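This briefing accompanies the sequence and the three-dimensional structure displayed below.

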Amino acid sequence: MDKSSRPASHRPRSEFFEAYFSTEAEPFPLQFGIVTAFNPDGVVTPLAANLAADARLADQLRGAGLQHFRVTVGSRDGSHQEPGFGIA
């Protein structure tokens, strides 16, 4: 399936290319991806649901044996931030 035929929810949102992240991970991996369980598909979700989803994601990453570390990702101006994980 080429990019143009993917459902809209599978195409990266333009905001993703402007995202900023911070981490205290050391050593810092040269290549990694970022995932977050907060506000799925851009839908603002109650904090308790976000925290529960974040805990499930952490469990899944540990269970899969993936090397991961905490990141905070959001907009450069700080108006939006959410916790997530970097996966090396």
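Ser 22 belongs to strand 1 of this predicted model. With a relative accessible area of 37%, Ser 22 falls between the limits of 20% and 50%, and is therefore partly exposed. Leaving aside neighbours within four places in sequence, Ser 22 is in contact with Arg 70, Val 71 and Thr 72. The C-alpha atoms of Ser 22 and Arg 70 are separated by 8.8 Å, although the two residues are 48 residues apart along the chain.

**Overall fold**

- The chain contains one helix and four strands, which follow the pattern β-β-α-β-β when read along the sequence.
- Of the 88 residues in the chain, 22% are buried.
- Among contacts with a separation of 6 or more, 51% are between residues 24 or more positions apart.
- The accessible surface of the chain comes to about 6600 Å², and carbon and sulfur atoms account for 56% of this surface.

**Sheet and helix packing**

- Strands of a sheet pair through backbone hydrogen bonds, in either a parallel or an antiparallel manner.
- In this model, four strands form an open sheet in the order 1-3-4-2, with antiparallel pairing.
- Strand 1 and strand 2 are the edge strands, each pairing on one side only.
- On average, neighbouring strands of this sheet are turned by 40° against each other, direction ignored.
- Strand 2 and strand 4 (residues 81-87) run antiparallel and are joined by three bridges.
- Gly 33 has Ile 87, in strand 4, as its bridge partner.
- Helix 1 lies across strand 2, strand 3 and strand 4, and runs at about 5° to strand 4.

**Aromatic cluster**

- A pair of aromatic rings is described by the distance of the centres and the angle of the planes.
- The count of aromatic pairs comes to two.
- The ring centres of Phe 21 and Phe 32 are 5.3 Å apart and the planes stand at 75°; this angle is over 60 degrees, so the pair is edge-to-face.
- This pair links distant parts of the chain, with Phe 21 in strand 1 (residues 20-22) and Phe 32 eleven residues away in the loop between strand 1 and strand 2 (33-35).
- Phe 21 is partly exposed because its relative accessibility is 30%, and Phe 32 is likewise partly exposed because its value is 26%.
- Phe 32 and Phe 69 form an edge-to-face pair, at 5.5 Å centre to centre and with 70° between the planes.
- Because Phe 32 lies in the loop between strand 1 and strand 2 and Phe 69 lies in strand 3 (residues 68-74), the pair ties together parts that are 37 residues apart in sequence.
- Phe 69 has a relative accessibility of 10% and therefore counts as buried.
- Ring pairs link Phe 21, Phe 32 and Phe 69 into a cluster.

**Backbone geometry in the loops**

- Most residues other than glycine have a negative phi, and most peptide bonds are trans.
- The peptide bond from Glu 26 to Pro 27 is cis, with omega near -5°; Pro 27 is found in the loop between strand 1 and strand 2.
- Asn 39, in the loop between strand 2 and helix 1, has a positive phi of about 45° although it is not a glycine.
- Asn 39 has a relative accessible area of 16% and is therefore buried.
- Asp 41 is also found in the loop between strand 2 and helix 1, and has a positive phi of about 55° although it is not a glycine.
- Asp 41 counts as exposed because its relative accessibility is 66%.

**Asn 50 and its contacts**

- Asn 50 is found in helix 1 (residues 47-63) and, at 3% relative accessibility, counts as buried.
- Not counting residues up to four places away in sequence, Asn 50 touches Ala 37, Phe 38, Asn 39, Pro 40 and Thr 45.

**Confidence of the prediction**

- The chain averages a pLDDT of 85, and 84% of the residues score at least 70.
- Among the elements of the chain, helix 1 has the highest mean pLDDT (97) and strand 1 the lowest (85).
- Over residues 1-6 the pLDDT is below 50, and this stretch has five contacts in the model beyond near neighbours in sequence.
- Where pLDDT is low, the predicted coordinates should not be read in detail.

Note on methods:
Residues are numbered from 1 along each chain as its sequence is written. This is a predicted model: local features need pLDDT of at least 70, side-chain atom pairs count only at pLDDT 80 or more; totals for chains, interfaces and linings use all residues. Side-chain values use heavy atoms; hydrogens and water are left out. Helices (H or I, at least four residues) and strands (E, at least two) are DSSP runs, numbered from the N terminus. Buried means under 20% relative accessible area, exposed over 50%, partly exposed in between (1.4 Å probe, protein chains only). Contact means heavy atoms within 4.5 Å. Rings of Phe, Tyr and Trp (its six-membered ring) pair if their centres lie within 6.5 Å; planes under 30 degrees apart count as stacked, over 60 as edge-to-face and the rest as tilted. Two strands pair if DSSP finds at least two bridges between them. Axes are lines fitted to C-alpha atoms, for helices over the stretch in contact, and angles run from 0 to 180 degrees between N-to-C directions. Accessible areas come from the Shrake-Rupley method with a 1.4 Å probe; for residues, only the protein chains shown count as cover. pLDDT is the predictor's confidence in each residue, from 0 to 100.
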